Amino acid sequence: MSTRQRIVFFLAILTFAFAPTHVFADIPRLINYQGLLFNSSEQPVPEGNYKMTFRLYDESGTLLWT
């Protein structure tokens, strides 16, 4: 293996070794959600602004995110 091939090989190894760090960038703080809102009689509610709270739990019931 020539010196040039060794350098290219070494640079390729470095590229692959540090590439995953870009995959784990910032965690998004927003979740986009679309759906329909119905009242207790299963009728669509009138258009307007409604305050909603979303919560995510793990399988044991521990609150992970609000």
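**A friendly note on this predicted model**

1. The protein chain has an accessible surface of about 7100 Å², and carbon and sulfur atoms hold 60% of that (Shrake-Rupley method, 1.4 Å probe; for residues, only the protein chains shown count as cover). Buried residues make up 0% of the 66 residues (buried is under 20% relative accessible area, exposed over 50%, partly exposed in between, with a 1.4 Å probe and protein chains only).

2. A word on the basis: this is a predicted model, in which local features need pLDDT of at least 70 and side-chain atom pairs pLDDT 80 or more, while totals for chains, interfaces and linings use all residues. Residues are numbered from 1 along each chain as its sequence is written, and side-chain values use heavy atoms, leaving out hydrogens and water.

3. Two helices and two strands are present in the protein chain, in the order α-α-β-β from the N terminus (DSSP runs numbered from the N terminus: helices H or I of at least four residues, strands E of at least two).

4. Do have a look at Glu42, which has a positive phi of about 60° without being a glycine. Glu42 sits in the loop between helix H2 (20–23) and strand E1 (56–57), and counts as exposed because its relative accessibility is 66%.

5. Tyr50 lies in the loop between H2 and E1 too, and is partly exposed, at 42% relative accessible area. Tyr50 is also among the residues lining the largest pocket, together with others including Tyr33, Leu37, Met52 and Phe54. That lining has nine nonpolar residues, two polar and no charged (Ala, Val, Leu, Ile, Met, Phe, Trp, Tyr, Cys and Pro count as nonpolar, Asp, Glu, Lys and Arg as charged, and the others, Gly among them, as polar).

Key. On a 1 Å grid over the protein atoms alone, a cavity is a set of points where a 1.4 Å probe fits but cannot get out, and a pocket is an open set with protein on both sides within 12 Å along at least five of seven lines; lining residues have an atom within 4 Å of a point.
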